[in-house]
Amino acid sequence: MPKTIVVTGTATGIGRATINKFAAEGWNVVATVRKESDLETHSDLPSVKTLLLDVDDETAAAPFAQLAQKQFGRVDVLVNNAGYYQMGPLEGTSMDQVHRQYQTNVFGLLALTKAFLPSFRAQRAGIVINIASITGDQGYPYNSVYASSKAAVAVLSESLSIELAEFGVVVRAILPGLHATRIFTKIDKGDSIPDAYRAGITQFFAGNSPTGSEPSVTAEVIYRAAVDPDPTTVRYYSGPDAVSIPRGKRILGAESYWQDKRILGAEGYWQEFRNAVLGYPSDLWNTLISKPGTTPVETEI
Ligand SMILES: NC(=O)c1ccc[n+]([C@@H]2O[C@H](COP(=O)([O-])OP(=O)(O)OC[C@H]3O[C@@H](n4cnc5c(N)ncnc54)[C@H](OP(=O)(O)O)[C@@H]3O)[C@@H](O)[C@H]2O)c1
């Protein structure tokens, strides 16, 4: 009996690649899109049913969960993938933009997760996979709103992983590095950025890699998280830039700081990261932290 997965935000990017991966692995798939014009996105895949969902609408979560369960009789895995990127200095970002970013990336995700938990608890099985980001692991400048929303996603996944273990429900967070998707062509930029920030923003984004991973890289990691027999692992990093972070934390934190400066490991890593973002990475940083993938990233900064 094939398992069933629900994935939000599947018209493009990582969500779409995830649908392709699970369909190819023989799963039943419930895909969501938010525009009627995208309902045919997966029409060449017979095991995929595509439904409309805007995750911002919290009142839609419970009826959607019921509808999703009816498609194939039960749901085994929920992937909270829908999200977007708000960018800009906090001072130039309106509180309305802040609320909207959290509504999609955090509150919508929480509402949908809540809607699936009663059935997961009743069947004493179910996996929730939340798409966070490496920006939720280490705060980049001009990203405070997006990064903090993704940090919330990573940490709430850890809380729920422990809270739901007694019911047989597993919770994971995926932390992708830079990926070549449409997300950077749809950036919600701070709506009143003071000119004083322009030079810093230009310098920061000029230092960013113009290339990233293919979305299929993260789809593979999501698949691994869905079939991993270890229920206790929460954080899965995807893409070469992301997978080098835990390695960098171990080594940069321990070796470069512990002995000479007596700073704890996490703080040592943070200082190295901060220097790299400011444009003067150490040789050790350059050795340990990999560049993102090689696919050109389309951006409209
Ligand atoms: N690309 C990266 O470098 C990267 C890195 C780390 C994490 N991520 C995360 O990965 C996830 C997927 O992003 P992506 O890079 O694949 O970008 P993408 O191609 O823009 O895909 C995002 C999807 O989410 C959908 N979406 C946005 N707001 C929604 C809402 N309110 N309700 C329902 N669907 C909504 C979008 O729908 P529309 O097509 O209608 O806009 C789109 O299909 C996001 O959570 C993102 O934050 C991406």
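I began with β6 and β7, which pair in the parallel sense over six bridges. I count two strands as paired if DSSP finds at least two bridges between them. Helices (H or I, at least four residues) and strands (E, at least two) are DSSP runs, numbered from the N terminus. From β6 the chain passes through α4 to β7, and this β-α-β crossover is right-handed. Right-handed here means that, with the strands pointing away from the viewer, the path from the first strand over the helix to the second runs clockwise.

Before going on, I noted that this is a predicted model, in which local features need pLDDT of at least 70, side-chain atom pairs count only at pLDDT 80 or more, and totals for chains, interfaces and linings use all residues. Residues are numbered from 1 along each chain as its sequence is written.

I looked up which residue of β7 stands opposite I129, and found R172. I then checked burial along β7. A residue is buried if 20 or more other C-beta atoms lie within 10 Å of its own, exposed if 12 or fewer, and partly exposed in between, with C-beta atoms placed from the backbone. Strand β7 covers residues 169–176, and eight of the eight are buried, so the strand is largely enclosed by the rest of the structure. V169, V171, A173 and L175 point one way from β7, while V170, R172, I174 and P176 point the other way.

β7 also runs parallel to β10, and four bridges join the two. P176 has S238 in β10 as its bridge partner. I followed S238, which sits in strand β10 (residues 235–238). S238 counts as buried because it has 25 C-beta neighbours inside 10 Å. I also took the distance from S238 to K70, 168 residues apart along the chain: their C-alpha atoms are separated by 32 Å.

**Entry: β1 and its partners**

I moved to strand β1 (residues 4–7). T4 and V6 point one way from β1, I5 and V7 point the other way, and all are buried. Parallel pairing over four bridges links β1 and strand β2 (residues 28–33). Within β2, V30 stands opposite V6. β1, α1 and β2 make a right-handed β-α-β unit.

β1 is also parallel to strand β4 (residues 77–80), with three bridges between them. Here V7 stands opposite V79 in β4.

T12 is found in the loop between β1 and α1. T12 and D38 are 26 residues apart along the chain, and their C-alpha atoms are separated by 9.4 Å.

**Entry: helix α3**

Helix α3 (residues 95–122) has 28 residues. From its first C-alpha to its last, α3 reaches 39 Å, close to the 40 Å expected at 1.5 Å a residue. The expected span is 1.5 Å times one less than the number of residues.

Where does α3 bend by about 45 degrees? The bend is at Q103, taken as the angle between axes fitted to the seven residues ending there and the seven starting there. The buried residues of α3 include Q101, N105, V106, L109, F116 and F120.

**Entry: two positive phi values**

Most residues other than glycine have a negative phi. R124 has a phi near 50 degrees, and lies in the loop between α3 and β6 (126–131). R124 is exposed, because 10 other C-beta atoms lie within 10 Å.

Y142 has a phi near 60 degrees, and is found in the loop between β6 and α4 (144–163). Y142 is buried, because 22 other C-beta atoms lie within 10 Å.
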